[in-house]
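Try each task before you read its solution.

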Amino acid sequence: MPYFTGKGDKGYTIVDKKKFSKDDIYFEILGELDEFNSLLGFLKNLIKDKKIKKEIFLVQNDIFIIQANISWFIYPKFKKPEIKKERIEDIENKIKKIEKSKKPQKHFVIPGSNLESGILDYLRAKARSLERKMVSFSKKKKINENLLKYINRLSSYFFALARLKSKNDRKPWY
């Protein structure tokens, strides 16, 4: 398929012979998911910790599953893949494990005590933004509740990972 036809699309796209405005809610949320996944890929390459790189890769695959679920609304010819409850529980268990290894938080954390924690803090903030957009989308279209649960856990997961990579709990701005 060519990257462009040279005809111009006048703000519309065709999916399965149906015409959609490019600002349609489906494309809005798909674009947000694509942006988040692209950011994950970019920042994954700045992280030195191989274990965290692998974790980010797993999240990228999960984001593709969520994109497929949203795409299903405009192209329902395929079976939607699932974010399984076990995947959410896996992330929750990883968060709990990290929490056990760190002292309890008694103050606000200023993001970015080092490069890796700063990257993970940025992912946390973007995950929160994505969650707000997913909640808005879910008010218009019924989506599987595991998608929202998963997106909700992502920001907590990236917060925990950022704390794990932070050099100093007492002075997180250094």
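**Rings, burial and a charge**

At 2% relative accessibility, Y157 counts as buried (buried means under 20% relative accessible area, exposed over 50%, partly exposed in between, with a 1.4 Å probe and protein chains only). Before going on, note that this is a predicted model, where local features need pLDDT of at least 70, side-chain atom pairs count only at pLDDT 80 or more, and totals for chains, interfaces and linings use all residues. Residues are numbered from 1 along each chain as its sequence is written, and side-chain values use heavy atoms, with hydrogens and water left out.

**Exercise 1.** Work out why the pair W72 and F73 is edge-to-face.

*Solution.* Start with the rule: rings of Phe, Tyr and Trp (its six-membered ring) pair if their centres lie within 6.5 Å; planes under 30 degrees apart are stacked, over 60 edge-to-face, the rest tilted. A search of the whole structure turns up six aromatic pairs. For W72 and F73, the centres are 5.7 Å apart and the planes meet at 75 degrees, so this pair is edge-to-face. Next, compare Y157 and F158: with 5.9 Å between centres and 40 degrees between planes, they're tilted.

**Exercise 2.** Decide whether F158, W72 and F73 are buried or partly exposed.

*Solution.* F158 has 1% relative accessibility, so it's buried. W72 has 27%, so W72 is partly exposed. F73 has 22%, so F73 is partly exposed too.

**Exercise 3.** Find the ring faces that K80 lies over.

*Solution.* A charge sits over a ring if NZ of Lys or CZ of Arg is within 6 Å of the ring centre and within 35 degrees of the ring normal. K80 lies over W72, 4.1 Å from its ring centre. K80 also lies over F73, at 5.9 Å.
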